[in-house]
Amino acid sequence: MGRRFASLGADLVICGRRAEVLEETASEIRQEFGIDVTCYVCDIRDAEAVEGMYDRIFEQRPVDVLINNAAANFIAQSHKLSARAADSVLGITLHGSLYMTLAAGRRWIESDHAGVVLSILSTSVITGRAFTTPSAMAKSALLAMTRSLAVEWGPRGIRCVAIGPGRFPTEGAYERLRPAARLEGSGDGSDDNPLGRVGRHEEIANLAAFLASDAGGYINGEMVVIDGGHHLRTSGAEDLLQWTDEQWDEHRTKRK
């Protein structure tokens, strides 16, 4: 998504907890598109750190679009989740996105600046099922936030929208959510998709650019699903209900 925005001429501000990863990404985008990319090391689970980061950002100039794309997830049996495991998901996915959104909205409203909040959710908000219950809870709460703030902030010139993506494989997250024990058929989870394939990254990037642009200026409070129709057939987690205790034990051992 960042590359798509950069290709359209946008300057980027990216944040995360690892400085090396941020700088590597920023350097690649700068060289490829010749735009300004600013990095901030920030743990979005820390509300004070988020506020401090926004103070530094807005000293330069206001942001126009906030993309809430941070999330934590893994596959686990809900009844065996510890409070710490549940908090690790809720802290990033829900609290972090809320802190980022409120900090941006407050500054937009105080300066009478229009803006767009784009949150990346999942189709679990439709099916009610996810790889872990805290993840389904967090994503559903973010959809509620999107709808609530769309009404409250709309008169201020601030739109709130969301994307519900299906399977868009990435090297890190996909390995955690689809370990070897789940791989069947094609191995990428596309066998049960009506279109017979997984999503292409440019497809979700193009949708994000549209929703954040003036072309999508009359879309507010909505989540656009982009999953090839997969959610109409399954939540993507039903196979986990058939796992034996032995399979779960083996998975937990490998994850550790």
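Are Tyr54 and Phe58 buried or exposed? Tyr54 is buried, and Phe58 is too, where buried means under 20% relative accessible area, exposed means over 50% and partly exposed lies in between (1.4 Å probe, protein chains only).

A quick word on ground rules. This is a predicted model, in which local features need pLDDT of at least 70 and side-chain atom pairs count only at pLDDT 80 or more, while totals for chains, interfaces and linings use all residues. Residues are numbered from 1 along each chain as its sequence is written, and side-chain values use heavy atoms, leaving out hydrogens and water.

**Overview**

The protein has 9 helices and 6 strands; these are DSSP runs numbered from the N terminus (helices H or I, at least four residues; strands E, at least two). Of its 256 residues, 44% count as buried. Take the contacts (heavy atoms within 4.5 Å) with a separation of 6 or more: 75% of them come from residues 24 or more positions apart. The accessible surface is about 13600 Å², and carbon and sulfur atoms own 51% of that; the areas come from the Shrake-Rupley method with a 1.4 Å probe, and for residues only the protein chains shown count as cover.

**The sheet**

Four strands make an open sheet in the order β3-β4-β5-β6, with parallel pairing; strands pair if DSSP finds at least two bridges between them. β3 (65-68) and β6 (223-226) are the edge strands with a single partner each, so one side of each has no neighbour in the sheet. From one strand to the next, the twist averages 20°. Between β4 (residues 115-120) and β5 (residues 158-165) there are 6 bridges, and Val116 has Arg159 in β5 as its bridge partner. Helix α6 (residues 133-153) packs on the sheet, touching β3, β4, β5 and β6, and its direction makes about 155° with that of β5. For such angles, axes are lines fitted to C-alpha atoms (for helices over the stretch in contact), and values run from 0 to 180 degrees between N-to-C directions.

**Cores and rings**

A nonpolar core is a set of buried Ala, Val, Leu, Ile, Met, Phe, Trp, Tyr and Cys residues joined through side-chain atoms within 4.5 Å. The largest one holds 29 residues, and Val50, Met53, Tyr54, Leu66, Met100 and Trp108 touch the most other members. Two or more residues come from each of α3 (47-60), α4 (83-110), α6 and β5, with α6 giving the largest share, 6 residues. Another core of 22 residues lies apart from it, and includes Ala6, Leu118, Leu211 and Ala212.

What about the aromatics? The whole structure has 2 aromatic pairs, which requires ring centres (Phe, Tyr, or the six-membered ring of Trp) within 6.5 Å; planes under 30 degrees apart are stacked, over 60 edge-to-face, the rest tilted. Tyr54 and Phe58 have ring centres 6.0 Å apart and planes at 45°, so this pair is tilted. They sit 4 residues apart in helix α3, about one helical turn.

| Residue | Touches |
|---|---|
| Val50 | Cys42, Asp43, Ile44, Tyr99, Met100, Ala103 |
| Ser97 | Ile44, Asn68, Ala70, Ile92, Leu142 |
| Ile35 | Ala6, Ala10, Asp11, Leu12, Ile29, Arg30 |

Ser97 lies in helix α4 and counts as buried at 2% relative accessibility. Ile35, in the loop between α2 (19-33) and β2 (37-41), counts as buried at 12%.

Note on methods: Lists of a residue's contacts leave out its neighbours within four places in sequence.
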